[in-house]
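Please keep the sequence and the model at hand while reading.

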Amino acid sequence: PGQVSRSWWGGAAPRGSWSEEADLVVVAVPVPHAAPLLEGAGGLDAATRGLSGIRTASSAVVALEVDRSLDLPQRSGVLVATDEPVPFKAMTFTSRKWPHLDTRPGHLVRVSFGRIDDDEVLAADDATLTRMAESALGGLCGSAPTVLHSRVRRWSDALAEIGPGHDTRISGVRAELAERLPGVELVGGATEGVGVPACIGSARAAARRLASGWQD
C-alpha cells in the first residue's frame, strides 16, 4: 500500500517489445538505451534530449592470469592520460589491489581499452586485444608475461562523458521524471560518474528516494 501510482513500463528487446506492470522502476542502463526507454514510457522530451546529449565511449577489459615469475609493480594499477600514445587507458594489478582475491596460481591483472572518439582499438578482435594487453603489461614490468588464462569482456556505449554542466543536465532529467513519472529513478554511470563508488552511491540514493515515497 504505497503512495506511488501503479504504472506500465515497456521497451524494445532483441526478441520484440515488452511491457511490465510495476510500482517502482529503476533505470540502470547505458545512455543510448535509457533515452528511448524514457521517451517511450512517458514522452519525456526534455529528459530524452538531456540524455541524448551525453557522449559515450565503448570499452573492453582484458582479464589476465599471468605466471608469478612476472614482477608486478608494488601499486594497485596505472591510469593513462588521454594524450599518451598507448592503446590502453588503464591497468589494474588485481592481486595487489585486492589481496583477498590473490588465491589463484598466477597474478591477476586487468587491462582496459576504450576512450571517447577512439573506437579503432575496440574494432580489434579478442585475440588481438589480448596480445595488446600482454604487450602493455610486459612493457610496464620490463619482461614478457607468461599468460595462464585470459578473457575479454566488452561493453558498448557504457562509459559516459561527465563534462561541464553535467550535474545541471541530470538534475533537469530527474526533475522531469519526478513530475511526469513519479516512482521512476535514473541511476548508473551517466548520472553521478562512471566509477564503481559513484554508481553505488547513485543507486543507494535512488533507493532512499523510492523508499521515502513508498511509505504509508
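Cys 141 counts as buried in this predicted model, because its relative accessibility is 18% and the limit for a buried residue is under 20%. Cys 199, with a relative accessibility of 25%, counts as partly exposed. How many disulfides does the structure hold? The number is zero. A disulfide is a covalent bond between the sulfur atoms of two cysteines.

**Overall composition**

The protein has six helices and nine strands. Of its 216 residues, 38% count as buried. Among contacts with a separation of 6 or more, 65% are accounted for by residues 24 or more positions apart.

Helix 2 spans residues 45-52, and its buried residues are Ala 47, Thr 48, Gly 50 and Leu 51. Viewed down the axis of helix 2, these buried residues fall within an arc of 160 degrees, so they line one face of the helix.

| Pocket | Volume | Lining residues by class |
|---|---|---|
| Largest pocket | about 1,400 Å³ | 24 nonpolar, 10 polar, nine charged |
| Second largest pocket | about 170 Å³ | eight nonpolar, two polar, three charged |

The largest pocket has a volume of about 1,400 Å³. It is lined by 43 residues, of which Lys 89, Ser 112, Leu 159, Val 194 and Gly 195 are the closest to its centre. The elements that contribute two or more residues to this lining are strand 4, strand 5 (77-79), strand 6 (88-92), strand 7 (107-113), strand 8 (147-160) and helix 6 (196-214). Which element provides the largest share of the lining of the largest pocket? Strand 8 does, with seven residues.

The second largest pocket has a volume of about 170 Å³. Its lining consists of 13 residues, and those closest to its centre are Ala 178, Pro 182, Gly 183, Val 184 and Glu 185. Two or more lining residues come from each of helix 5 (166-180), strand 9 (184-186) and helix 6.

Ser 59 belongs to strand 4, which covers residues 56-66. Is Ser 59 buried or exposed? Ser 59 is buried, because its relative accessible area is 9%, and buried means under 20%. Leaving aside residues up to four places away in sequence, Ser 59 touches Lys 89, Phe 113, Gly 114, Leu 122, Arg 153, Arg 154, Trp 155 and Leu 159. Two of these partners, Lys 89 and Leu 159, are also among the residues closest to the centre of the largest pocket.

**Two residues with positive phi**

Most residues other than glycine have a negative phi. Asp 117, however, has a positive phi, near 60 degrees. This residue lies in the loop between strand 7 and helix 4 (126-141). Asp 117 counts as exposed, because its relative accessibility is 66% and exposed means over 50%.

Asp 157 also has a positive phi, near 55 degrees. Its place is in strand 8, the element that gives the largest share of the lining of the largest pocket. With a relative accessible area of 30%, Asp 157 is partly exposed.

Technical notes
Residues numbered from 1 in each chain as written. Predicted model: local features only at pLDDT ≥ 70, side-chain atom pairs only at ≥ 80, totals over all residues. Heavy atoms only, no water. Helix = DSSP H or I, 4+ residues; strand = E, 2+ residues; numbered from the N terminus. Buried < 20%, exposed > 50% of the residue type's maximum accessible area, 1.4 Å probe, protein only. Contact = heavy atoms within 4.5 Å. Arc of directions from axis to C-beta. 1 Å grid on protein atoms, 1.4 Å probe; cavity = no way out; pocket = protein on both sides within 12 Å on 5 of 7 lines; lining within 4 Å. Points joined across faces, edges and corners; volume = space filled by probe spheres on them. Nonpolar A, V, L, I, M, F, W, Y, C, P; charged D, E, K, R; others polar. Disulfide = S-S within 2.5 Å.
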